[in-house]
Amino acid sequence: MKPFSTMPADVKQHIRYILTDIDDTLTDEGRLRAEAYTALEQLRENGFIVIPITGRPAGWCDQIARMWPVDGVVGENGAFYFRYDDKSKKMIRRYATADELRAQHKIKLAELGELVVEKVPGCAISADQAYRETDIAIDFCEDVPALSIEAVHKIKEICTSAGTTAKISSIHVNAWFGQYDKLAMSARILKEEFNVELEAVREKVVYAGDSPNDAPMFSYFPNSVGVANVLEFEDTIEHKPSWITEKRGGAGFAQIAEGLLATK
């Protein structure tokens, strides 16, 4: 991981797309502060396509797509994308799985959540679960006292044993049925909404993140950037970002924006 401040100017000049995690990448201690929000706004106003890529629920993503200065949002770890059309005043919603299948999965995931809470003392169903459409989120440190890394991995093992895909974020273990992921849905929104093939522009993308569930995105994009708190996972993250900011969380994201805008 090289310091983001050393990213060559010619590389920065070619960046056109900003894909970014939200929790602990845009936020600090669970809060979206003015510095990070302003960075999103300035990037979009200067012609960058800005798309948050998050594990957060559909209910949150509807609000983000409508009200944040972004061009769309990928939510629930790639289960869907939402994009608000300012001209038609309508929300565009695209899902990885059909409505009927999602309904069936929702019942099974609720049963899995009950099992996890029973088997792993101290964890809880995420407070945002009521707003989710496709996955179960198990809280291990957001609204509960932080669990050990061993307990977190036990949560993941129970989920995968039940046949789900499970990923560890900085606050939750998210589990879902199906093979979709953040990268596939990122490619879909760029293709369907912006007529861009992801493979053709991968070197024009900055992906910003902070935790193990960002590893596939870090691996795919040559100009991936970790905010400084990614160092907390340095020994466990499967694929590290190419670059790293000096600052943590939203301040680190603001550093990314400042560096890119300086080349405009």
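**A helix with two sides**

Guide: Let's start with helix α5. Its exposed residues E150 and S161 sit on the face turned away from the buried side. One caution: this is a predicted model.

Visitor: Okay. Which residues of α5 are buried?
Guide: A151, V152, I155, I158 and C159 are the buried ones in α5.

Visitor: Why do they line one face of the helix?
Guide: Look down the axis of α5. The buried residues fall within an arc of 120 degrees, so they line one face. There is a general rule behind this. An α-helix has 3.6 residues a turn, so residues three or four places apart point the same way.

Visitor: What covers the buried residues of α5?
Guide: The cover includes helix α4 (99-119). It also includes the strands β10 (136-139), β11 (165-168) and β12 (172-176).

Visitor: How far does α5 reach from its first C-alpha to its last?
Guide: It reaches 18 Å. Helix α5 covers residues 149-161, which makes 13 residues. At 1.5 Å a residue, 18 Å is expected, so to speak, and the reach is close to that.

Visitor: What comes just after α5?
Guide: G163. This glycine takes a positive phi of about 95 degrees.

Visitor: Where is a positive phi found in a residue other than glycine?
Guide: K89 is one of them, with phi near 60 degrees. K89 is in the loop between β7 and β8. Another is D24, with a positive phi of about 65 degrees. D24 lies in the loop between β2 (17-20) and β3 (27-28). As background, most residues other than glycine have a negative phi.

Visitor: Back to K89. Buried or exposed?
Guide: K89 is exposed, because its relative accessibility is 58% and the cut-off for exposed is over 50%.

Visitor: New topic: rings. How many aromatic pairs does a search of the whole structure find?
Guide: Eight aromatic pairs. One of them is F80 with F82, and that pair is stacked. The ring centres are 4.4 Å apart, with 20 degrees between the planes.

Visitor: Are those two buried or exposed?
Guide: Buried. F80 has a relative accessible area of 0%. F82 has 1% relative accessibility, so F82 counts as buried too.

Visitor: Why is the pair of F82 and Y95 edge-to-face?
Guide: The planes of F82 and Y95 stand at 75 degrees, so the pair is edge-to-face. The two ring centres are 6.2 Å apart. This pair links distant parts of the chain, 13 residues apart. F82 is in strand β7 (residues 80-85), and Y95 is in strand β8 (residues 90-95). Y95 is buried as well, with a relative accessible area of 18%.

Visitor: What lies over the face of F82?
Guide: R93 does, at 5.3 Å from the ring centre. F4 has a charge over its ring as well: the charged end of K12 sits 5.1 Å from the centre.

Visitor: Which rings link into a cluster?
Guide: Ring pairs link Y207, F218, Y220 and F221 into a cluster.

Visitor: Let's return to helices. Which residues are buried in α3?
Guide: Helix α3 runs over residues 58-67, and A58, C61, D62, I64 and A65 are buried there. Seen down the axis, they fall within an arc of 165 degrees, so they line one face of α3.

Visitor: What do they pack against?
Guide: Strands β5 (49-52), β6 (73-75), β7 and β8.

Visitor: And which are the buried residues of α6?
Guide: K182, M185, S186, I189, L190, E193 and F194. They cover an arc of only 140 degrees around the axis, which puts them on the same side of α6. Helix α6 (residues 182-194) reaches 17 Å, close to the 18 Å expected.

Visitor: Zoom out. How many helices and strands does the chain have?
Guide: Nine helices and 15 strands. Buried residues make up 54% of the 264 residues.

Visitor: What radius of gyration does the chain have?
Guide: The chain has 18 Å. A compact globule with 264 residues would have a value near 18 Å, so the two agree. The C-alpha atoms fill a box of roughly 55 × 45 × 30 Å along the principal axes.

Terms used. Residues numbered from 1 in each chain as written. Predicted model: local features only at pLDDT ≥ 70, side-chain atom pairs only at ≥ 80, totals over all residues. Heavy atoms only, no water. Phe/Tyr/Trp six-rings, centres within 6.5 Å; stacked < 30°, edge-to-face > 60°. Buried < 20%, exposed > 50% of the residue type's maximum accessible area, 1.4 Å probe, protein only. Helix = DSSP H or I, 4+ residues; strand = E, 2+ residues; numbered from the N terminus. Lys NZ or Arg CZ within 6 Å of the ring centre and 35° of its normal. Arc of directions from axis to C-beta. Contact = heavy atoms within 4.5 Å. Expected span 1.5 Å × (residues − 1). Rg over C-alpha atoms; globule rule 2.2 N^0.38 Å.
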